[in-house]
Amino acid sequence: MRKIFPVVFLLLASLSLNAQTSRPIVTDISAKVVSTNKVKVSWKLSKDFKASSLVVYKSTRPIAARNQLYTIEPLGELPPKAISFTDTLKNYHDYYYAILAKTEDGSVYDIILPSINATVNPVKAPRPVKKIETDTESAKEKLYPAGVMRELPLPYLDMVQDIYRKPNKLSRRVLKAGNDLAGEYRAKPPKVLDPYYFEEDMVSPAGGDEYFLFEILKTSFIKKEYKTCAGELKKFLGVNRNQKVSDRAAFYLAECLYYTKNYRQAISLFLYVNDTYPSLSKKWIESCLELYEIPE
């Protein structure tokens, strides 16, 4: 009999907090680069949202736990009805943001919900590119044949460095709670989703990052060699790529993990691209939860 992962169930249950007007939590937070050194952070407020002010936090690491707030200096406070903030960057690090409410007694309501009131994807202002003459040999785009790597691939932070961490062993009490939470879901036969392809990857591109991704999909993904494809996609994402291509590659990697029954890792990656593909990610996360078996 299928068992639902209780920790993820509790996380999803916490999403209902944004509907409780007694809890001052902003929702639908997002951050995007709007110029060479500025990032705009936006969020939504519930109809009956009440707070004395909003506090903005920024960190070079994902803000996922309240104890991190003790080591982060707030960027500042905003009016309680503010729905956006523009941050001016002084360097080119990856940054994560969180928006918390300060209550009337002056304390910060420090409940942190990733992707709800804290961003899960890093943002970075692009470095200024030195303009070069278009008629020089170095200015021409260089295309690489299939299987040939770039001479000097740029170092890139592993975006999926934590997905292979083994989960903690669950106690009997937690297992029982998970079974109780599963309830009616255990009676439903799980359905495996069909592979999803983005329209951009349905035709062979001329070159660049899109071409390398297309070759990986053609040689392994469409042949359902998901374990091999996962390895190739990890190598692909280990090099600095176009952001749109990287997001698609991360989604395909999550699909490979899904089809190799690594549901916990797949959920982590679907959450990673949730801001870019919210509807798609929700559908695949729900399927992961239906198919996930709690390790005894």
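Which residues of α3 are buried? Keep that in mind as we walk through this predicted model, in which local features need pLDDT of at least 70 and side-chain atom pairs count only at pLDDT 80 or more, while totals for chains, interfaces and linings use all residues. Residues are numbered from 1 along each chain as its sequence is written, and side-chain values use heavy atoms, with hydrogens and water left out.

**Stop 1: helix α3**

Select α3, residues 208-221; helices here are DSSP runs of H or I with at least four residues, strands are E runs of at least two, and both are numbered from the N terminus. Colour D209, Y211, F212, L213, F214, E215, I216, L217, S220 and F221: these are the buried residues of α3. Buried means under 20% relative accessible area, with exposed over 50% and partly exposed in between, using a 1.4 Å probe and protein chains only. That makes 10 of the 14 residues, so the helix counts as mostly covered. Now show α4 and α5, against which these buried residues pack. From first C-alpha to last, α3 reaches 19 Å, close to the 20 Å expected at 1.5 Å a residue; the expected span is 1.5 Å times one less than the number of residues.

**Stop 2: the largest nonpolar core**

Next, select L213, L233, F236, F251, Y258, F270 and W284, which touch the most other members of this 39-residue core. A nonpolar core is a set of buried Ala, Val, Leu, Ile, Met, Phe, Trp, Tyr and Cys residues joined through side-chain atoms within 4.5 Å. Helices α3, α4, α5, α6 and α7 each supply at least two residues of it, and α5 gives the most, with 11. Centre on F251: leaving aside neighbours within four places in sequence, F251 is in contact (heavy atoms within 4.5 Å) with Y196, F198, F270, V273, Y277, L280, S281 and W284. Apart from this core lies another, of 18 residues, including W43, L54, V56 and A101.

**Stop 3: the strands**

Move to the open sheet, whose 4 strands follow the order β4-β3-β6-β7 with antiparallel pairing. β4 (76-78) and β7 (108-109) stand at the edges with a single partner strand each, so one side of each has no neighbour in the sheet. Strands count as paired if DSSP finds at least two bridges between them.

Finally, select β1 (27-35) and β2 (38-44), an antiparallel pair with 6 bridges. The two form a hairpin with 2 residues between them, and K32 has K40 of β2 as its bridge partner.
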